[in-house]
Amino acid sequence: MSVSIQRQAIAARRVVSAIFFMCGTSIGTWASRIPNIKSATGLDESGFGILLLVMACGAFVAFPITGMLIDRLGAAPMTKLLAVANIISFVLIGLSPNVALLTGALFLAGLSIGALDISMNGWGAEVEKALERPIMSSYHGLYSLGAGVAALAGGLAIMADLSVLSHFVLWGIVAAPFLVWYWRQSWPQTKTENEDGSKAPLFALPKGALVLVGLMALVAALGEGAVTDWAALYQIEDLGIAESIAPAAFTIFSIAMVIMRLSGDKVIARFGPVPTARVSGIVALLGCILLVSGAGLWSVWAGCFVMGLGYAVLFPLAMSRAASDPHMSKGAALAAVATLGYGAFLFGPPLLGFVGDYLSLRASFLTVAVLTVAIPLLAGALKVKD
């Protein structure tokens, strides 16, 4: 690699890292104000749940469309455009005075966040290829860190009695100057095609080993979603742990995710994607067992921490593998894997909720543990074969 290309790749890595962090802050800002937004709508849990589903549907609509567009236009130009759209769409949430407009704003926000997720992973994979070393895990670590920082800032905004609109506009003002930096970053425009030279279709299913990669991402995302949505309630209802301290389990899980993701690139470079994924799956399984078998607070928290370490690098590994698939265009491959992974994260927890209703939340986490057994078996698909 020439010195000029290496410098360009290093500069691009900083920009892509900042975009991942900013994308995380949009989710953290939104999550911190959900109770206020729900209260303002006057909707009950079921009604507000439909609004959340609208946001998820926006992301799902975005996945295949964005995959096609980055194949035809390039990941870097799409990421720059979508970073602007992301800020605008989330500010629109704060500007929505009624449920009807809020519904439209949430769909647009889901659309922008889903599209940005695909495009920034695509650009990140190009930079990773140019630098010839693993860097995808650190991107996702910064995304998680951004979400945590924004959630903390959201708590401060609530303490300062800022309205949702004021909070979202302030976030947009802080984030907007970085857009100039994003736009100034040059990057070779890369367009990709299918292996037969044809343009990627709008909707594409994973092929060959990429199916197994997608399933691995699905199981990992399901585990992450289970802890996010059900860990606190599991402690309260099944174990009798106080409601005031139960949410700390998710915080512990998130800390473990950030730690592992920020250090994951070195681990992957040292041992390789396949061994790393296999050990990660085993670690995640041990965490699940700790969580399910634990009868006390510390065993549950230890289980959440170990699960965070185990699941952390699996989705970044899956996205990196998708972007380098030899049989599908980059955009289509990323969209296919993202659909499976995010589908499990968004729709898996409600299904686990049904298991919890009929049996118990312990049974829900036991289901996650059983599925996690598949991760070491699927890890071999991460190896790229011509």
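Salt bridges, to start with. In this predicted model, a search of the whole structure turns up one salt bridge. The partners are Asp325 and Arg321, and their closest N and O atoms are 2.8 Å apart. Is the pair buried or exposed? Asp325 is buried, and Arg321 is buried as well.

Lys330 belongs to helix H14, which covers residues 330–358. Its relative accessibility is 8%, so Lys330 counts as buried.

Next, the nonpolar surface. Which residues make the nonpolar patch? They are Ile88, Leu92, Leu95, Leu108, Leu165, Val169 and Ile173, and the patch comes to about 570 Å². Two elements give two or more residues to it, namely helix H4, residues 75–95, and helix H7, residues 164–175. Leu92, one of the patch residues, is in helix H4. Its relative accessibility is 33%, so Leu92 counts as partly exposed.

The partner is H8, residues 177–184, and the two axes come within 9 Å and cross at roughly 170 degrees. Angles over 145 degrees count as roughly antiparallel, so H4 is roughly antiparallel to H8. Which residues make the contact? From H4 they are Lys80, Leu81, Ala83, Val84 and Ile87; from H8 they are Leu179, Tyr182 and Trp183.

Now a residue in helix H1. Thr29 sits in that helix, which spans residues 3–32. With a relative accessibility of 4%, Thr29 counts as buried. What does Thr29 touch, leaving out residues up to four places away in sequence? The answer is Ala150, His167, Phe168 and Trp171. Separately, the C-alpha atoms of Thr29 and Phe90 are 9.1 Å apart, and these two residues are 61 residues apart along the chain.

Glu132 has a positive phi of about 60 degrees and is not a glycine. Glu132 is in the loop between helix H5, residues 99–131, and helix H6, residues 136–159. At 67% relative accessibility, over the 50% cut-off, Glu132 counts as exposed. Asp161 also has a positive phi of about 60 degrees without being a glycine. Where is Asp161? Asp161 is in the loop between H6 and H7. Its relative accessibility is 68%, so Asp161 counts as exposed.

Last, a residue in helix H16. Leu378 lies in that helix, residues 374–378. At 14% relative accessibility Leu378 counts as buried. For Leu378 and Ala105, the C-alpha separation is 38 Å, and the two are 273 residues apart in sequence.

Key:
Residues are numbered from 1 along each chain as its sequence is written. This is a predicted model: local features need pLDDT of at least 70, side-chain atom pairs count only at pLDDT 80 or more; totals for chains, interfaces and linings use all residues. Side-chain values use heavy atoms; hydrogens and water are left out. Patches are made of residues with over 30% relative accessible area and no salt bridge: like charges are joined within 9 Å, nonpolar side chains (Val, Leu, Ile, Met, Phe, Trp, Tyr) within 5 Å. Accessible areas come from the Shrake-Rupley method with a 1.4 Å probe; for residues, only the protein chains shown count as cover. A salt bridge is a side-chain nitrogen of Lys or Arg within 4 Å of a carboxyl oxygen of Asp or Glu. Helices (H or I, at least four residues) and strands (E, at least two) are DSSP runs, numbered from the N terminus. Buried means under 20% relative accessible area, exposed over 50%, partly exposed in between (1.4 Å probe, protein chains only). Axes are lines fitted to C-alpha atoms, for helices over the stretch in contact, and angles run from 0 to 180 degrees between N-to-C directions. Angles under 35 degrees count as roughly parallel, over 145 as roughly antiparallel, 65 to 115 as roughly perpendicular and the rest as oblique. Contact means heavy atoms within 4.5 Å.
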